[in-house]
Protein chains: 2
Amino acid sequence: MRARPTLEKVAARAGVSRATASRVVNGSTRVAPRIREAVNRAVEELGYVPNQAARSLVTQRADSIALVFPEPATRVFSDDPTFAGIIRGVSLEIEEADKQLVLMLTGPDGSYQRVERYATNGHVDGVIVASMHGTDPLPGILTRRGVPVVCGGRPSVPGDLRYVDMDNAGGAERAVRHLVERGRRRIATIAGPQDMIAGIDRLAGYRDVLRDSDHRSIVAVGDFTRESGAIAMRQLLADDPDLDAVFVANDLMALGALRTLGRAGRAVPGDVAVVGFDDIPAAAYAEPPLTTVRQPTVEMGRRLARMVLDPEDRAPVVLPTELVVRESTRRS
Amino acid sequence: MRARPTLEKVAARAGVSRATASRVVNGSTRVAPRIREAVNRAVEELGYVPNQAARSLVTQRADSIALVFPEPATRVFSDDPTFAGIIRGVSLEIEEADKQLVLMLTGPDGSYQRVERYATNGHVDGVIVASMHGTDPLPGILTRRGVPVVCGGRPSVPGDLRYVDMDNAGGAERAVRHLVERGRRRIATIAGPQDMIAGIDRLAGYRDVLRDSDHRSIVAVGDFTRESGAIAMRQLLADDPDLDAVFVANDLMALGALRTLGRAGRAVPGDVAVVGFDDIPAAAYAEPPLTTVRQPTVEMGRRLARMVLDPEDRAPVVLPTELVVRESTRRS
DNA sequence: GAGTCATGTGAGAGCGCTCTCACGAGCATC
DNA sequence: GATGCTCGTGAGAGCGCTCTCACATGACTC
């Protein structure tokens, strides 16, 4: 289709002024029924769709929101379904609000200034930052510039940034308590990176429970990749050959750990019980199926979107996590 | 947010007209060096960034392209890193062209008309459709409406649609030939859905090699999910208990198949060799590590983006796939 | 010294839309 | 019948930008 019809054409066809046509298109009530009908008919017949650029120009709204994945997230992006869940959730909510989703994956270089420029210039009504490190400067900068921002994950610097987070500490506590209840004595952990809030909080949850239950804590640190989980598990086994349980800060690392355990001849859950975190689809398909902590990723996306669309909504949200018990922690 | 400076302000500060300021901002060469410099300084000092809406309004370009995942893709989205790779690739290329990426995941309902309306109305310079079924009507509709479209995956109806595809048949052939060379006699396959081009082509590759090498073909069909792979494998085992190899049309199903084999007491690769397709990260971490066919997902994204940005480029692209040999087909 | 030409610059139109404001019609009030 | 409403409608300004066109300037030709 070449020439797209303009409001002018619609108005002409309906025999009204452009202003009235605009009123009908934008759903104003103060239009006489028969005129409204005439305009709607004209819209229908002409296949009219408003030109967003023209609209934005005058309303100063963009009717679109940006979802930014800073570089560290981008790196894990391809292998961690968590992000896919968040994207789905955001997309669903955005669609309901009849807005558009602009996805920005920032590269390793300074392409983050690109985001800054883009976002501070009215191209977008709000920005969702899937902040991995809680220390990312971007949310602060944008907020100061007056752009509505919401962080996915609690920023590590307490401030007035709005955020939606998972109950990481609570989930970790439940997971570790579960291991204690199953009679495990030497419970180690493979923690996530300690510059990410999820890594920090999950480790804190582990520590809290062990302290209260009088167990010793045994910690190795990974970076949330399978590979690092496998390596950390090896190290743990070397440090304490008698450990009989591991709480792993995410499923990807837990899968790596499972592999190391298998190769080291340790039976799971016979010799060692394993709990992961995230409940990615692969967890249920691990051998043995992995006990893990489920987090509502799609819901997180939805809440992020809803919050960014409502600048008044300032209350942080912490979404509940849930322990999913499978074979990897079966009573031995 | 303080009022963003307009071109007018920049021009005033630099002591030139709006037109000249515009020339400098848009990189016209026909501007005197010292004036160009003055304007650039003003831009710098004021922190000027062009208003995209205003620009689009007059240029009729949107400087953004849409990446559409039709519903079936959306469903697998969360668990198949293939899509993440494509998104990364598209994002990289789009970023280089200094344009924006609008992501649209269509829901199960008719939200696809939303895409149609959006795309046919100049909001977007082009559309990339990650067409799962080759029969999706969307690409055709948009093309006819004059919107540049590129399909990810060859459309099943031969026509003039532009596309970038993987060499599915070639990859499948190499995989099956590999099994033959390793001395496997009864080579089964778990095919993908036969309404998706990837499913069809991979099965065709399998059939071609077996026909030529005088093996019998044994086929079960899955839907590219782990679960369906596990089920299909059970069926295959029931159909032909003596099979000694399986070519599985994607890694997710292969992972499911591996699990079934393990539970059925079949050693891999001792009793049964397994080859997957995709080379997702989990494949290398399977037990045993999975021989599979690697496809360049990021490259596919890049090519899709490049093609959609250049409406003249009409030549279909078929990207090479590569066999990655791992433990699951070790010589027995 | 008049004519030609390339070159750089500014004036101004106009992209398609929203929104303010003024106005006329209809109705109730006094 | 004059006054004051409300209600629906149209005229018109203007959002920030690009781009065409006309114009000014200076270099060059004959």
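Over which ring does the charged end of A:Arg259 sit? Notes on this predicted model follow.

1. The ring is that of B:Tyr285. The charged end of A:Arg259 sits 4.4 Å from the ring centre. The arginine belongs to chain A and the tyrosine to chain B.

2. **Aromatic pairs overall.** Searching the whole structure gives four aromatic pairs over all chains. One of them joins A:Phe247 and A:Phe277. The geometry is edge-to-face, with 65° between the planes and 6.4 Å centre to centre. The two residues stand 30 residues apart, and the pair links distant parts of the chain. A:Phe247 lies in strand S8 (residues 245-248). A:Phe277 lies in the loop between strand S9 (273-275) and helix H13 (281-284).

3. **Burial in chain A.** A:Phe247 counts as buried because its relative accessible area is 1%, under the 20% cut-off. A:Phe277 has a relative accessible area of 0%, so this residue is buried too.

4. **The pair in chain B.** B:Phe247 and B:Phe277 form an edge-to-face pair.

5. **A charge over B:Phe277.** B:Phe277 has a further contact to check: the charged end of B:Arg202 sits over its ring. The distance to the ring centre is 3.8 Å.

Conventions
Residues are numbered from 1 along each chain as its sequence is written. Chains are lettered from A and ligands numbered from 1 in the order in which they are written. This is a predicted model: local features need pLDDT of at least 70, side-chain atom pairs count only at pLDDT 80 or more; totals for chains, interfaces and linings use all residues. Side-chain values use heavy atoms; hydrogens and water are left out. Rings of Phe, Tyr and Trp (its six-membered ring) pair if their centres lie within 6.5 Å; planes under 30 degrees apart count as stacked, over 60 as edge-to-face and the rest as tilted. Helices (H or I, at least four residues) and strands (E, at least two) are DSSP runs, numbered from the N terminus. Buried means under 20% relative accessible area, exposed over 50%, partly exposed in between (1.4 Å probe, protein chains only). A charge sits over a ring if NZ of Lys or CZ of Arg is within 6 Å of the ring centre and within 35 degrees of the ring normal.
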